[in-house]
There are 2 protein chains.
Amino acid sequence: MSALSRRVFLGSAAATAAGVATPGSAAAHPAGNKPADDRADVVVIGAGLAGLTTARELSRAGRSVLVLEARDRVGGRILGHRLGTGDTTELGAEFIGPTQDRIAALAAELDVGTYRTYDTGDYVYYRDGQRTRYSASGPLGPIPPDPTGAAEAGVAIQLLNEHASQVPVDAPWQAGNAEEWDSQTFHTWIQQHTQTEGGRFLLHVATKAIFSAEPRDLSLLYVLAYIARAGNENQPGNIERLVSTTGGAQMYRFIGGSQLVPERMAAELGDRVQLDAPVRRIVQVPDGVRVVSDAGTVTARRVVVAVPPPLAARITYDPPMPAARDQLTQRFPMGSVTKVVATYPEPFWRADGLAGQAVSDTGPVQVTFDNTPHDGAPGALMGFIEADHARALDDADVATIRREALHNFATYFGPRALEPTDFVLSRWDNDVWSRGCPVAFGPPGLLLGYGPAIRQPVGRIHWAGTETSTYWTGYLDGAVRSGHRAAREVLTAL
Amino acid sequence: MSALSRRVFLGSAAATAAGVATPGSAAAHPAGNKPADDRADVVVIGAGLAGLTTARELSRAGRSVLVLEARDRVGGRILGHRLGTGDTTELGAEFIGPTQDRIAALAAELDVGTYRTYDTGDYVYYRDGQRTRYSASGPLGPIPPDPTGAAEAGVAIQLLNEHASQVPVDAPWQAGNAEEWDSQTFHTWIQQHTQTEGGRFLLHVATKAIFSAEPRDLSLLYVLAYIARAGNENQPGNIERLVSTTGGAQMYRFIGGSQLVPERMAAELGDRVQLDAPVRRIVQVPDGVRVVSDAGTVTARRVVVAVPPPLAARITYDPPMPAARDQLTQRFPMGSVTKVVATYPEPFWRADGLAGQAVSDTGPVQVTFDNTPHDGAPGALMGFIEADHARALDDADVATIRREALHNFATYFGPRALEPTDFVLSRWDNDVWSRGCPVAFGPPGLLLGYGPAIRQPVGRIHWAGTETSTYWTGYLDGAVRSGHRAAREVLTAL
């Protein structure tokens, strides 16, 4: 393989020195940079966490691999951003929590440390124009103390957890009530199990924080499967683990930023990671596959497609996909989200006894976190703009989003939030190589009609990506798990 | 334009002589057949009814057009099939009915005649192992006389019609109850408005017959919009018109087959229809568009994309689509359907006083029609395999489908159905240039989240196709209407 003719990943140190790419910067592949036909045991499409994990496992098993990545960076839905201070903040997936053992083990192997997400002091609950401080260490945990809704939301959450415990994580469509649950939206279920506007609001805002989708977009069965998968082989999933910081999926962060995990894997793989190589076509031939990208054609014995399902649909397959796989990818859409980070000389809210976490009914930013780096400076507030709010602003200019987001931050944390030293954002819906985040979700009927096609290999084509995982779907841990599973499949088949 | 270097449509007579193509026969584009850059005022992508209508209107207005079609035939979801007798039967869209004025006018201009769909005699209702004959000219119309369900279904239908009357056909998301209606599945609505299994069955089977989707797959608002659109500017839509033969959307057929309409349009356009030319990329440049297909590149001032939304998503756009349009196409999937036609020396069921129409709870074929050609022979029974039943058989061999379909036909019409002279089928889910039929449908949240993006032009790119129509979405008439509207848009913009 001729590394000279290609743009390859140059390793973590070089990437850090050059600055981390920002969304939308993916450049066209340089004209003329078309290597001759190449060969590998396995081609992996997508240098996100799932694809890189797959390639790493295969490489460690002695197989030759080539990772083809459409962007000019690795990481996929993980995206680091270098601040003016030289610190890194995250504009994509960033958290790790209890039971997420696979990402934890991987990070440890790669010598990427973790630290506790800042979770000291009060949370802010902002609703109907009233700002309330509350402690997330009370009996309700992170559920805001809505005077009418908190108790109701708590009861609903327990019922959802009970239902989720009846959903097989590897085959949700086999749940005893699968037909009933996949025939209704989560919105319908919420309406039928709550009476108060407060209770409904709390369930809606939690849904948007988890899926970046409205409750109406989601199948109840898909939500229950997602809850069931928020655990591991020993500890069944539950909602608390999805929504909590301490004790939950947002408990820890990575020292230096989550992007170190894919960057260090890519550095290990060296010139086996090819950037600027969007794959356009996969041809299955009798003894292998030919993978055609903008950077040339590679022949392999197996291929692992590790991109989100709606983007996998945009590759041309020859022979064509079976109907189940094709129609699956017509109805497994990405959530809608913009992530914003404002930085300040210091995390001023901490001195006020605030954790930097807010839950609000006033958009566009309705959920926030303290995103300050490990060394405590600069102070960083992170906010999610999700679902309908994200869609409404997908065409807005950055100045508008900045103004509205900072207004939200100021409402929750005080007027100092209006004057950040830096304001950055990632607009995932507009990013051509994600087209939404954090994850593809199931509308009603997806799992009953097409569930098995999510992971079922098609000839020599295997599927990875957090959507295919049976635990922690939608999270870093799910991506790593999917890479392990895809690599096992391929090794068995080779 | 060099017609010699291309495979172009040769006109109706030639196509008839050569036999009409069957699904799956689309051949790869011959190597080396790559014309140099070409030019037209407008490129139309897709030679289905919408695309051809667009091109015809533009051409009649004096504009130069080029239609790029991926298949080796025109017609899209319209598909004629030449029987051994020399007669033609239809394996795709075939019906026309009252208020479908645009397709009627077009057929008349093209000198394609119509005739009444055979609708004389009794219908068959088969449920719980009981076969019942009934008259569709009774007070319930085509609703089967289910002893417990018919009255209930009738009440539900009236309520749906009332709701539909409140839905603006051009902006369903502006209905007063849009949020409530787009937040639930049609399944949920049926459950809440029926008590009997019979009533539920009738509404479910009607849903599948209309959308080739399960009620769980569909947004209630989308169903109501579809009902509202089953009419024209003077006659509001209603369910009766969707489901009825006499008086409804299945009232008439085309003498010689519905494929004559696109074939005659293509013959008019001559070498302005390019077959075997799947479009891969659309590049918007300052003064026009470049359309890149497997048959070469064409430069134009405007482009009209007249393919189903999930397939439009598979074209690469440069610059990329706005998020709303992109995410729309991630969640606007095609229905699932296989259409079967069995032929016999004569339509033997007619002598038994049967219309050839059945409604059944026993699959795979649960809805049938008499598909006999205009001259009365050969006798043809047509059956729909829809939604879950279609999905279950998408990978089955033809022998299995034939056996199961003929068993259904025999149950409804007697044992002579077991010995057809011919048995043909079209497996739309497996067809790479449709990937489902009859139409893309809206799951919950589609219209509220993305409705305007269905028709909104993006720069120099316009959208046609029956999905974009404000009347008779999903029908031939909607396709023609969309072509008229797209042509008007382009003429205004040019």
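Predicted model: local features only at pLDDT ≥ 70, side-chain atom pairs only at ≥ 80, totals over all residues.
**Helix Packing, Salt Bridges and Selected Residues**

Helices H4(A) and H8(A) are roughly perpendicular to each other, a term that covers angles of 65 to 115 degrees, whereas under 35 degrees counts as roughly parallel, over 145 as roughly antiparallel and the rest as oblique. Good morning.

Residues are numbered from 1 along each chain as its sequence is written, chains are lettered from A and ligands numbered from 1 in the order in which they are written, and side-chain values use heavy atoms, with hydrogens and water left out.

Let us return to the helices. Two packed helices are described by the angle between their axes and the distance between the axes. Here, helix H4 (residues 150-164) and helix H8 (residues 220-228) of chain A have axes that come within 8 Å and cross at roughly 85 degrees. Helices are DSSP runs (H or I, at least four residues), as are strands (E, at least two), numbered from the N terminus. The axes are lines fitted to C-alpha atoms, for helices over the stretch in contact, and angles run from 0 to 180 degrees between N-to-C directions.

Which residues in H4(A) and H8(A) meet? On the H4(A) side they are A:Leu160, A:Asn161, A:His163 and A:Ala164, and on the H8(A) side A:Leu220, A:Leu224, A:Ile227 and A:Ala228; contact means heavy atoms within 4.5 Å. Six residues of this contact are nonpolar, two are polar and none is charged. Nonpolar covers Ala, Val, Leu, Ile, Met, Phe, Trp, Tyr, Cys and Pro, charged covers Asp, Glu, Lys and Arg, and the others, Gly among them, are polar.

A:Trp173 lies in the loop between H4 and helix H5 (178-182) of chain A. With 22% relative accessibility, A:Trp173 counts as partly exposed; under 20% relative accessible area is buried, over 50% exposed, and partly exposed lies in between (1.4 Å probe, protein chains only). Beyond its neighbours within four places in sequence, A:Trp173 has contacts that include A:Leu221, A:Leu447 and A:Pro452.

I turn now to charge. Side chains of opposite charge can pair when their charged atoms come close. How many salt bridges does the structure hold over all chains? There are 48, each a side-chain nitrogen of Lys or Arg within 4 Å of a carboxyl oxygen of Asp or Glu.

In chain A, A:Glu90 and A:Arg253 form one of them, with their closest N and O atoms 3.0 Å apart. This pair joins strand S4 (residues 88-90) to strand S8 (residues 252-254), 163 residues apart, and both A:Glu90 and A:Arg253 are buried.

In chain B, B:Glu109 and B:Arg60 meet at 3.5 Å, N to O. Because B:Glu109 lies in helix H3 (residues 101-109) and B:Arg60 in helix H2 (residues 49-60), the pair ties together parts 49 residues apart in sequence. B:Glu109 is partly exposed at 46%, and B:Arg60 is exposed at 52%.

B:Glu467 and B:Arg77 form a salt bridge too, at 2.9 Å between the closest N and O atoms, and both are buried. B:Arg77 is also among the residues that B:Ser434 touches. B:Ser434 itself is buried, at 1% relative accessible area.

Finally, the structure holds zero disulfides over all chains, a disulfide being a pair of cysteine sulfur atoms within 2.5 Å. A:Cys437 is buried at 5%, and B:Cys437 is buried at 5%. Thank you.
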